[in-house]
Number of protein chains: 2
Amino acid sequence: MMPVPPVSVVGLGQLGGSLAAALVAAGRPVTGWDVDPAARDAAAARGVRIGRELDGVVVLAVPLPALATALDDLDVAPDATVTDLGSVKTPVLAELGARYGSRYVGGHPMCGTERSGHEATDPALFTGARWAVCLEAGTELARWLRVAEVALQVGAEVVPVTAADHDDAVAAISHVPHLLAAALAAAAAEAGPLALNLAAGSFAGGTRVIGSDPEFVTAMVEGNAGPTAAALDRVLAQLSRPWHELVAAGHAAVTGGVGRRPVRVPVDRQALLALGRAGGAVTYRLAAFVEGWVPESG
Amino acid sequence: MMPVPPVSVVGLGQLGGSLAAALVAAGRPVTGWDVDPAARDAAAARGVRIGRELDGVVVLAVPLPALATALDDLDVAPDATVTDLGSVKTPVLAELGARYGSRYVGGHPMCGTERSGHEATDPALFTGARWAVCLEAGTELARWLRVAEVALQVGAEVVPVTAADHDDAVAAISHVPHLLAAALAAAAAEAGPLALNLAAGSFAGGTRVIGSDPEFVTAMVEGNAGPTAAALDRVLAQLSRPWHELVAAGHAAVTGGVGRRPVRVPVDRQALLALGRAGGAVTYRLAAFVEGWVPESG
């Protein structure tokens with residue numbers, strides 16, 4: 001039976017603060033740190049122990065540019081597992097993998113809202129969300145399981161994935177949607193105020209995400225430039241199809257759904273990645289069926 | 001002072017049923033008709049008088065393909081004003097303008113949901129919605145005012161527009177968004193089940209409208225093919241810009257907003273169209289300030 005390690009969360013904004021609060025609520029020992037005293041106070045009020053001594057699963061919940069230096073002034077246990085919540089994984093793997101070797105396991109919960117900061121903390125933020133947890137050739141399976149177990153404990157479902165496959169996928173389902181939203185909005189503005197004035201549901205839905213901070217959006221798409229350009233090319237190819245074919249294909253894609261049925265997979269890198277590539281996820285209930293997996297019952 | 005004519009609504013599904021119910025609630029005499037007895041019964045239960053004798057403002061609330069024949073078996077008063085709620089205006093103007101001449105005034109309320117049919121009736125459907133009302137060179141202003149007044153009475157705001165300008169505008173803010181949603185969904189499906197499985201907020205927002213009936217969507221974009229192709233070209237041109245420029249332009253477009261301040265305009269075709277082109281609308285409160293305009297006080 002795998003002992004359940006403590007969790008340390010660095011960065012107590014919307015994602016980190018929500019994670020720490022959710023884990024505390026589940027009865028797990030959590031240490032938290034943030035450079036902002038107000039964020040530390042807010043987390044402490046939710047029962048998070050505040051400190052600079054980090055062990056167990058160390059979760060870096062800071063913006064991408066801060067990942068490389070977030071642990072510099074903190075005291076990290078030599079055997080701690082290090083994970084992060086960044087929205088792109090290949091560059092982070094290059095950076096943190098070089099530093100922490102097989103102790104690093106990349107992660108990316110597919111949630112969050114337009115709000116940010118510790119004021120936006122919500123312990124239910126991860127409930128039902130997909131959480132990509134990266135399995136590279138050099139990843140220690142025991143550490144991968146520890147990170148996956150943290151995600152499961154706060155109600156997420158774990159998608160086993162490589163960093164490269166993750167970045168291709170999020171280009172298609174997150175980064176390109178931001179570019180399409182921008183193009184749709186800019187073209188409508190070009191069409192004139194009459195068009196913007198008539199805009200209703202379909203325009204609002206198609207442009208909502210471009211209301212986010214443009215510097216954040218630009219950094220996100222440029223930080224995943226290759227996969228995003230490739231995914232954009234696939235969208236442009238679709239747009240050149242006859243409209244009746246395009247509409248039928250799009251409708252089928254959103255209404256087909258990914259079939260979900262319980263499967264038993266061994267704790268094996270290839271088997272887990274195959275589950276992820278097939279559109280599957282490890283869920284809390286399923287985890288009990290994964291060979292050798294002993295999840296927290298909290 | 002302009003007498004307030006009765007309203008007759010043909011087609012008592014989501015749009016027509018909601019309009020008839022909202023007008024009844026406002027105390028206006030409303031006659032309704034639908035080929036479906038269940039729709040007639042539902043409208044009658046909301047106080048709509050059911051009958052085949054139509055006068056005043058006759059509102060055609062039937063699907064585009066049925067517009068040409070919807071009045072064939074009904075008894076329409078010779079001086080009735082005829083309007084419709086169709087999502088494209090130039091082809092309808094060609095069809096109904098040829099038949100009813102200056103008695104026809106095109107309209108298009110920018111609302112409705114994925115639901116349809118009389119079960120989806122909601123008297124509040126038009127509250128705050130924009131309602132395009134077409135002013136062509138041959139439109140009688142007195143009839144235009146009668147149609148606009150119906151829209152205002154159910155809580156909509158009236159955008160004066162020509163059929164051609166309307167079709168260009170809705171291409172940009174409704175028809176192209178459907179094509180982009182289809183392309184985004186189809187390209188993500190091409191990327192594989194892993195991508196669809198990680199999809200969260202930005203993908204759901206960007207693809208929501210393609211969940212609608214594909215035959216309806218195809219008919220809509222093909223019914224406005226020229227303007228939609230031109231609007232799609234403007235989106236493609238935007239997508240070829242450097243990403244930081246594209247993101248900044250898109251963000252500015254959705255956050256800039258159209259300035260709204262009360263203006264007084266004469267009841268004059270050019271003045272009303274200029275108001276519409278500038279992103280303005282006639283609102284219930286403003287209507288009192290439009291020279292010669294005497295809106296219902298209900």
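Chain A and chain B bury about 6,200 Å² between them, 76% of it on carbon and sulfur atoms, where buried area is the accessible area (1.4 Å probe) that two parts lose on being put together, summed over both. In chain A, the residues that lose the most area to chain B are A:Asn197, A:Leu198 and A:Trp243, together 13% of what that side buries. This is a predicted model, in which local features need pLDDT of at least 70 and side-chain atom pairs count only at pLDDT 80 or more, while totals for chains, interfaces and linings use all residues. Residues are numbered from 1 along each chain as its sequence is written, and side-chain values use heavy atoms, with hydrogens and water left out.

**The interface**
- Chain A gives 76 residues to the contact and chain B gives 76 residues, contact meaning heavy atoms within 4.5 Å.

**Helix α3 of chain A**
- The buried residues (under 20% relative accessible area, 1.4 Å probe, protein chains only) of helix α3 (residues 90–100) of chain A are A:Val92, A:Leu96 and A:Tyr100.
- Seen down the axis of α3(A), these buried residues fall within an arc of 30 degrees, so they line one face of the helix, the arc being that of the directions from the helix axis to the C-beta atoms.
- A:Ala94 and A:Ala98 are exposed (over 50%) on the face of α3(A) turned away from its buried side.

Notes:
Chains are lettered from A and ligands numbered from 1 in the order in which they are written. Helices (H or I, at least four residues) and strands (E, at least two) are DSSP runs, numbered from the N terminus.
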